[in-house]
Amino acid sequence: MSGRHEEDGEYLMVAAAVHARIDSARIRSVEGMGFAAAREGPTLEATVALAADAVGDLPTPPDGPIVAEGGEFYEEPASRVGLSFQPEFKYVESIGERETVQAAHHAAYAARDLLR
């Protein structure tokens with residue numbers, strides 16, 4: 001996610017989803033990226049919907065879990081956030097998952113800069 005803050009009286013939130021093959025410590029390959037943007041205020045519902053749209057924009061659906069940092073969804077339990085994602089949702093547990101989330105953050109920041 002990028003841009004969950006107000007600038008010049010409006011919001012521009014951008015989410016990136018990275019479909020990656022990973023092992024416990026690193027990204028092995030990136031299979032695709034999906035993006036979504038919204039100008040809504042950063043509520044939990046808007047943030048979850050934006051992330052789900054980015055996952056839906058992936059060229060191929062992931063066969064493993066959707067992974068994010070807890071802070072992205074206001075520290076809500078994964079079981080609540082996961083209701084909006086398929087096949088499953090969880091928070092980061094391994095270094096490889098953290099690396100993938102960081103790649104998504106970088107992609108979202110870059111996309112946000114292009115959309116401003």
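User: Which residues of the largest nonpolar core touch the most other members?
Analyst: In this predicted model, the largest nonpolar core has 21 residues. Those touching the most other members are Val48, Leu50, Val55, Phe73, Val81, Phe85 and Phe89.

User: Which elements give two or more residues to this core?
Analyst: They are strand S3 (13–22), strand S4 (27–38), helix H1 (44–56), strand S5 (66–68) and strand S6. H1 gives the most to this core, with seven residues.

User: And what other core lies apart from it?
Analyst: Another core, of six residues, lies apart from the largest one. Its members include Leu12, Val14, Ala16 and Ala107.

User: Back to H1. How many residues does it have, and how far does it reach?
Analyst: Helix H1 has 13 residues, and from its first C-alpha to its last it reaches 18 Å. That is close to the 18 Å expected at 1.5 Å a residue.

User: Which residues in H1 are buried?
Analyst: The buried residues in H1 are Leu44, Ala46, Thr47, Val48, Leu50, Ala51, Ala54 and Val55. What covers them includes S3, S4, S5 and H2.

User: What is Val55 in contact with?
Analyst: Setting aside neighbours within four places in sequence, Val55 is in contact with Ala17, Ile66 and Phe85.

User: New topic: how many aromatic pairs are found in the whole structure?
Analyst: A search of the whole structure finds four aromatic pairs. In one of them, the rings of Phe73 and Phe85 have centres 6.3 Å apart and planes at 65°, so the pair is edge-to-face.

User: Where do Phe73 and Phe85 lie?
Analyst: Phe73 lies in the loop between S5 and H2, and Phe85 in the loop between H2 and S6, so the pair ties together parts that are twelve residues apart in sequence.

User: Are those two buried or exposed?
Analyst: Phe73 is buried, with a relative accessible area of 3%. Phe85 also counts as buried, at 4% relative accessibility.

User: What about the rings of Phe89 and Tyr91?
Analyst: Their centres are 5.2 Å apart and their planes stand at 80°, so this pair is edge-to-face. Phe89 counts as buried at 10% relative accessibility, and Tyr91 is buried with a relative accessible area of 18%.

User: Which residues form one aromatic cluster?
Analyst: Phe73, Phe85, Phe89 and Tyr91 form one aromatic cluster.

User: Let us turn to the backbone. Which residues does a cis peptide bond join?
Analyst: A cis peptide bond joins Gln86 and Pro87, with omega about 10°. Pro87 is found in the loop between H2 and S6.

User: What is phi of Tyr74, and of Glu75?
Analyst: Phi of Tyr74 is near 55°, a positive value in a residue other than glycine. For Glu75, phi is near 60°, again a positive value in a residue other than glycine.

User: Where are they?
Analyst: Tyr74 has its place in the loop between S5 and H2, and Glu75 lies in the loop between S5 and H2 as well. Tyr74 is partly exposed, with a relative accessible area of 34%, whereas Glu75 counts as exposed at 60% relative accessibility.

User: Where is Ser84 found?
Analyst: Ser84 is found in the loop between helix H2 (78–81) and strand S6 (89–91). Ser84 is partly exposed because its relative accessible area is 41%, between the limits of 20% and 50%.

User: Which residues is Ser84 in contact with?
Analyst: Apart from neighbours within four places in sequence, Ser84 is in contact with Val48 and Ala52. Its C-alpha atom is separated by 17 Å from that of Ala37, which is 47 residues apart along the chain.

User: And His105, buried or exposed?
Analyst: His105 is buried, with a relative accessible area of 9%. It lies in helix H3 (residues 95–115). Not counting residues up to four places away in sequence, His105 touches Met1, Glu69 and Glu72.

User: Finally, what volume does the largest pocket have?
Analyst: The largest pocket has a volume of about 590 Å³. It is lined by 30 residues, of which Val18, Pro65, Ile66, Val67 and Thr100 lie nearest its centre.

User: Which elements supply at least two residues of that lining?
Analyst: S3, H1, S5 and H3 each supply at least two residues of the lining of the largest pocket. The largest share, eight residues, comes from S3.

Technical notes:
Residues are numbered from 1 along each chain as its sequence is written. This is a predicted model: local features need pLDDT of at least 70, side-chain atom pairs count only at pLDDT 80 or more; totals for chains, interfaces and linings use all residues. Side-chain values use heavy atoms; hydrogens and water are left out. Helices (H or I, at least four residues) and strands (E, at least two) are DSSP runs, numbered from the N terminus. Buried means under 20% relative accessible area, exposed over 50%, partly exposed in between (1.4 Å probe, protein chains only). Contact means heavy atoms within 4.5 Å. A nonpolar core is a set of buried Ala, Val, Leu, Ile, Met, Phe, Trp, Tyr and Cys residues joined through side-chain atoms within 4.5 Å. Rings of Phe, Tyr and Trp (its six-membered ring) pair if their centres lie within 6.5 Å; planes under 30 degrees apart count as stacked, over 60 as edge-to-face and the rest as tilted. The expected span of a helix is 1.5 Å times one less than its number of residues. On a 1 Å grid over the protein atoms alone, a cavity is a set of points where a 1.4 Å probe fits but cannot get out, and a pocket is an open set with protein on both sides within 12 Å along at least five of seven lines; lining residues have an atom within 4 Å of a point. Grid points are joined across faces, edges and corners, and a volume is the space filled by probe spheres set on the points.
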